[in-house]
Amino acid sequence: MILTTEFDCNDKVWSIYQSIKHNWGPCTFCGGEGKVTGKNGSKLICPSCYGTNRILLGNEYHWKVGDPTTIQEIHIKYSNERDISEEAYLCFDSIVSSGVLYPIDMLWPY
Ligand SMILES: [Zn+2]
């Protein structure tokens, strides 16, 4: 049985990952004060922003290119002798010593 993979061990590749940017704005319920005032004049923590003065307006998702990395292991699942149903690569980055398992869609040739 011969299975052909996109990359091989010791191939150098670029990894890509998705980052999230949170967009915050002033809390409209408390007017950005973090507290609300009751009829008796006492103040309580705002139930909308929990005293942080801000609320989450939305998120932006961006794809970013990581540092080049090297493939150490190939992980595949196959349904028969020719068709690979799942292909992933274990790479060791300087940040995570135990390695990161990347699906094939997140790697590009170096
Ligand atoms: Zn608030």
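Me: In which loop is Tyr50 found?
Reply: This is a predicted model: local features need pLDDT of at least 70, side-chain atom pairs count only at pLDDT 80 or more, and totals for chains, interfaces and linings use all residues. Residues are numbered from 1 along each chain as its sequence is written. Strands are DSSP runs of E with at least two residues, helices are runs of H or I with at least four, and both are numbered from the N terminus. Tyr50 is found in the loop between strand E3 (43-45) and E4.

Me: Is Tyr50 buried or exposed?
Reply: A residue is buried if 20 or more other C-beta atoms lie within 10 Å of its own, exposed if 12 or fewer, and partly exposed in between, with C-beta atoms placed from the backbone. Tyr50 has 11 C-beta neighbours inside 10 Å, so it counts as exposed.

Me: What is the phi of Asn53, which is not a glycine?
Reply: Most residues other than glycine have a negative phi. Asn53 lies in the loop between E3 and E4. With 16 C-beta neighbours inside 10 Å, Asn53 counts as partly exposed. Its phi is positive, at about 75 degrees.

Me: How many helices and strands does the protein chain have?
Reply: From the N terminus on, the elements run β-β-β-β-β-β-β. The count comes to zero helices and seven strands.

Me: What is the radius of gyration of the protein chain?
Reply: It is taken over C-alpha atoms, and the globule rule is 2.2 Å times the number of residues to the power 0.38. For 110 residues that rule gives 13 Å, and the chain is well over this, so it is more spread out than a compact globule. Along the principal axes, the C-alpha atoms fill a box of roughly 80 × 30 × 20 Å. The radius of gyration is 24 Å.

Me: What percentage of the residues of the protein chain count as buried?
Reply: Strand E1 (residues 12-26) lies largely in the open, because one of its 15 residues is buried. Of the 110 residues of the protein chain, the buried part is 10%.

Me: Which order do the five strands of the open sheet have?
Reply: Strands of a sheet pair through backbone hydrogen bonds, either parallel or antiparallel. Here two strands pair if DSSP finds at least two bridges between them. The pairing in this open sheet of five strands is antiparallel, and the order is E6-E5-E4-E1-E7.

Me: Which strands stand at the edges?
Reply: Each edge strand has a single partner strand, so one side of each is left without a neighbour in the sheet. These edge strands are E6 (100-103) and E7.

Me: What does the twist average from one strand to the next?
Reply: Axes are lines fitted to C-alpha atoms, for helices over the stretch in contact, and angles run from 0 to 180 degrees between N-to-C directions. From one strand to the next, the average twist is 45 degrees.

Me: How many bridges join E1 to E4?
Reply: The two strands run antiparallel. Tyr17 stands opposite Lys64 in E4. The number of bridges joining E1 to E4 is 14.

Me: Which residue in E7 is the bridge partner of Trp14?
Reply: E1 and strand E7 (residues 107-109) pair in the antiparallel sense over three bridges. Val13 stands opposite Pro109 in E7. For Trp14, the partner is Trp108.

Me: Which residue in E6 does Ala88 stand opposite?
Reply: E4 joins strand E5 (residues 84-91) through seven antiparallel bridges. E5 and E6 pair in the antiparallel sense over four bridges. In E6, Ala88 stands opposite Pro103.

Me: Which six residues form the largest nonpolar core?
Reply: A nonpolar core is a set of buried Ala, Val, Leu, Ile, Met, Phe, Trp, Tyr and Cys residues joined through C-beta atoms within 7 Å. In soluble globular proteins, nonpolar side chains tend to be buried together. The largest core here has Val13, Ile71, Tyr89, Cys91, Tyr102 and Leu107.

Me: Which residues does Ile71 touch, not counting residues up to four places away in sequence?
Reply: Two residues are in contact if their C-beta atoms, placed from the backbone, lie within 7 Å. Ile71 is found in strand E4. It is buried, because 20 other C-beta atoms lie within 10 Å. Leaving out residues up to four places away in sequence, Ile71 touches Phe7, Cys9, Asn10, Asp11, Val13, Tyr89 and Cys91.

Me: What distance separates the C-alpha atoms of Thr69 and Leu107?
Reply: Thr69 is in strand E4 (residues 54-78). It counts as buried because it has 23 C-beta neighbours inside 10 Å. Thr69 and Leu107 are 38 residues apart along the chain, and their C-alpha atoms are separated by 9.4 Å.
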